[in-house]
Each structure stands twice: as C-alpha cells, then as structure tokens.
Amino acid sequence: MNSLHRRRFLQAAVATVTAAGFGSEILAGQQTSPGGIPTRPLGKSGQQVSIVGLGGYHIGTIEEPLAISLMHEAIDGGMRFFDNSWDYNQGRSEEYMGKALATGGRRQQVFLMTKVCARDYEGAKQQLDESLRRLRTDVIDLWQFHEINWDIDSQWLYERGALRAAEEARTAGKVRFIGFTGHKDPSHQLKMLATPFAWDTVQMPISVLDAHYRSFQKLVLPQCVDRQIAVLGMKSLSNGIIPRELNLPAEVCRRFALSLPITSLMCGIKSHENLRQDLAMAQNFQPITGDDVDELLAQTADAGRDGKLEPHKTTRYGSAYHFRQHGE
C-alpha cells in the first residue's frame with residue numbers, strides 16, 4: 001500500500017471507529033465492581049456484566065479438573081460472564097460448566113450465556129432442554145442463535161420456528177434475553193438486524209484485523225450502538241494468530257477490542273496463565289486512544305487487507321453441525 005493510499009485508508013478507518021465511540025468515552029457507561037473487574041451495561045436490559053467473559057469452547061478442550069479450577073478462579077477474580085454453546089465439544093463444555101457452577105452458590109454469581117444451533121421449532125426446544133440439563137440450571141440468562149453465517153439463516157429462524165421457540169422460552173422463564181452470533185460476513189448480521197425482532201445482543205469478531213476486511217466493527221457495531229443492542233466481542237486474537245504472526249501482545253489486542261463500545265469480550269482460556277493475564281488486563285483496563293490507534297491500524301493494514309489471518313471469515317471454519325444443516 002503506497003503512502004497516499006495508506007494515509008487515506010487510516011483516515012477512513014479511524015473516522016469509522018471514532019464514530020462508533022472509540023476511546024475513553026466508552027468509560028462513561030462502565031462501573032467498578034466488588035468482583036474486581038469493571039462492568040458495562042448489557043444494552044437496554046438493565047443488566048451489568050463483566051467486561052471480559054470466559055469462552056466456553058476452549059474450556060471444553062482441557063481436562064475436567066483444570067477446567068473447573070479455571071472457572072472457579074475466574075469467578076473469584078470477577079470474570080462473571082460465562083459463554084457456551086449447545087454444540088461445543090459434543091456437549092462437554094456445557095457439562096463442565098454445569099459442574100463448576102453447581103457448588104458454592106456460583107450459579108447466582110454468573111451471567112450465563114449459551115447458544116442454540118437448530119433453526120427449527122422442535123430442534124431449538126430440544127437443544128434448550130439439553131443445555132439446561134447440562135448446565136444444571138433452570139434459566140439461561142442469554143440464549144443466542146449460533147453462527148448466523150449463511151444468508152438464509154435469518155429467513156429460516158422465522159419460517160422454521162426457532163425464533164418462536166425462543167420467544168416461548170422467554171415467556172416461560174427458561175431464558176431471559178435473546179441474541180445471535182456470527183463470524184463469517186457482516187452482511188448476514190445486518191440482515192438479522194433488519195428483521196422485526198428486538199434483539200438484546202449480537203456477538204461478533206472485534207479485533208485490529210477486523211478493521212481491514214469484512215469489518216463487523218465498521219458495519220454492524222454502529223447500528224447496534226444506535227439501537228442500544230449489546231455487542232459481545234470475540235476472536236480478538238484471531239485464534240492466537242495476531243500475537244503469533246504480527247507480534248502484537250495479547251493484552252494490546254484485548255485492550256483494542258475493549259476500547260470500542262462493546263459490552264464484554266469473550267476470552268478463550270486454557271490455562272491459569274491465560275486466565276491471570278486476562279484478569280489483570282481487565283482489572284486495570286485503560287482504553288487505547290489517539291496515536292496508538294493510528295499506529296495499530298497502520299501496523300496491521302497490509303496483513304489484514306485480504307482476511308487470510310482471519311480464518312473464521314475466509315476458510316471453512318465453524319461448527320460441523322451448521323455445515324450439515326446447510327448441506328455442505
């Protein structure tokens with residue numbers, strides 16, 4: 001990228017993220033917490049949740065005793081937003097989490113989110129019942145439609161009845177809030193936002209690379225901010241690629257994401273070292289602003305322009321369930 005084009009690109013990129021609320025102004029809605037990690041409002045819900053959350057996928061890839069130990073330490077350290085999904089590790093992630101929350105009143109300390117993969121009415125109901133059983137709880141705080149990565153997904157949720165199942169579950173008190181996730185292309189999330197439903201949350205990739213290719217933070221985040229829909233960030237490290245390939249510290253990547261007007265950032269954690277690093281960052285969080293933003297965008301512009309370092313956007317990445325669901 002030549003210097004003129006780089007300068008124009010950076011001006012446009014900074015203008016976009018600034019319009020979305022990049023920097024110290026996001027602290028206006030942030031509160032201190034006795035748990036040790038600041039909290040932010042979950043959209044219009046009236047709930048406050050920790051600015052970092054424990055990712056459910058990774059917790060199901062390690063041995064059960066370590067997983068439970070990590071979850072207990074996370075709660076003690078103030079990380080009290082727990083992420084999961086019905087399909088993570090063939091249900092093992094939910095089972096581990098259910099065991100971890102079943103003792104010491106921990107379920108009451110955690111805002112618990114899991115995801116549903118089915119697009120049809122009966123399938124969604126069945127998956128909810130299985131998630132409730134595995135998680136050993138009577139209510140899911142946030143239930144999200146997982147991997148809205150196909151253009152047809154928003155139509156299927158209506159036509160096949162999964163959204164009706166979610167509304168009935170909320171009325172019955174089995175779920176409190178309803179949202180959706182996606183990591184492939186922002187156009188799919190924009191189509192979901194165009195549906196006549198009052199979404200509580202949207203989960204999306206938020207990272208220094210996302211700013212350069214199929215950018216969720218440029219295209220979807222501003223709409224969510226305007227409508228007071230809580231945004232949950234994920235893939236701030238692009239599955240570890242950014243620290244490894246671009247030599248950017250994980251702490252900087254996490255801070256960049258949390259400097260945007262998102263509610264919480266889900267963090268993949270597989271060790272006590274991972275956890276303590278993320279806890280320390282969150283407990284001492286300060287937003288990235290000004291020249292530091294310019295530098296980070298410049299540093300990642302060339303590497304991020306084609307999406308190759310974001311395999312969740314550009315490769316066959318995601319749940320096997322959904323590929324089968326779509327006949328792929």
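## Close-up views of helix contacts, cores and loops

**View 1. Helices α4 (residues 92-101) and α5 (residues 121-135) pack at an angle of about 40 degrees, with axes 7 Å apart.** This angle makes α4 oblique to α5. Oblique covers what is left once angles under 35 degrees count as roughly parallel, over 145 as roughly antiparallel and 65 to 115 as roughly perpendicular. From α4, the contact is made by E94, E95, M97 and G98; from α5, by E130, S131, R134 and L135. By class, these residues are two nonpolar, two polar and four charged. The model is predicted: local features need pLDDT of at least 70, side-chain atom pairs count only at pLDDT 80 or more, and totals for chains, interfaces and linings use all residues. Residues are numbered from 1 along each chain as its sequence is written, and side-chain values use heavy atoms, with hydrogens and water left out.

Terms for this view and those below:
- Helices (H or I, at least four residues) and strands (E, at least two) are DSSP runs, numbered from the N terminus.
- Axes are lines fitted to C-alpha atoms, for helices over the stretch in contact; angles run from 0 to 180 degrees between N-to-C directions.
- Contact means heavy atoms within 4.5 Å.
- Ala, Val, Leu, Ile, Met, Phe, Trp, Tyr, Cys and Pro count as nonpolar; Asp, Glu, Lys and Arg count as charged; the others, Gly among them, count as polar.

**View 2. R134 sits in helix α5.** Its relative accessibility is 11%, so R134 counts as buried (buried is under 20% relative accessible area, exposed over 50%, partly exposed in between, with a 1.4 Å probe and protein chains only). Setting aside neighbours within four places in sequence, R134 is in contact with W86, Q90, G91, E94, E95 and G98. Q90 is 44 residues from R134 along the chain, and their C-alpha atoms are separated by 11 Å.

**View 3. Helices α3 and α4 pack at about 55 degrees, with axes 9 Å apart.** That makes α3 oblique to α4. The crossing of α3 past α4 is right-handed (the near helix is turned clockwise from the far one by less than a right angle; anticlockwise is left-handed). On the α3 side are E64, A67, I68, M71, H72 and I75; on the α4 side are Y96, M97, K99, A100 and L101. This contact has eight nonpolar residues, one polar and two charged.

**View 4. The largest nonpolar core has 81 residues.** Such a core is a set of buried Ala, Val, Leu, Ile, Met, Phe, Trp, Tyr and Cys residues, joined through side-chain atoms within 4.5 Å. In soluble globular proteins, nonpolar side chains tend to be buried together. Here V52, M71, M79, F82, M97, F145 and W199 touch the most other members. Helix α3 (residues 64-76) gives the largest share of this core, six residues. A second, separate core has ten residues, among them L42, F81, F177 and L232.

**View 5. What does M97 touch, not counting residues up to four places away in sequence?** Its partners are L54, G56, I59, M71, F82, D83, N84, L112 and L135.

**View 6. The axes of helix α12 (residues 250-258) and helix α13 (residues 272-283) come within 10 Å and cross at roughly 45 degrees.** α12 is therefore oblique to α13. α12 passes α13 in a right-handed crossing. A250, E251, R254, R255 and L258 of α12 meet Q277, D278 and M281 of α13. Three of the residues in this contact are nonpolar, one is polar and four are charged.

**View 7. V252 lies in helix α12.** Is V252 buried or partly exposed? Its relative accessible area is 22%, so V252 is partly exposed. Not counting residues up to four places away in sequence, V252 touches I288 and L296. I288 is 36 residues from V252 along the chain; the two C-alpha atoms are separated by 8.5 Å.

**View 8. K235 lies in the loop between β9 (230-234) and α11 (241-246).** The phi of K235 is near 60 degrees, a positive value in a residue other than glycine. K235 has 15% relative accessibility, so it counts as buried. N239 is also placed in the loop between β9 and α11. N239 is not a glycine, yet has a positive phi of about 55 degrees. At 38% relative accessibility, N239 counts as partly exposed.
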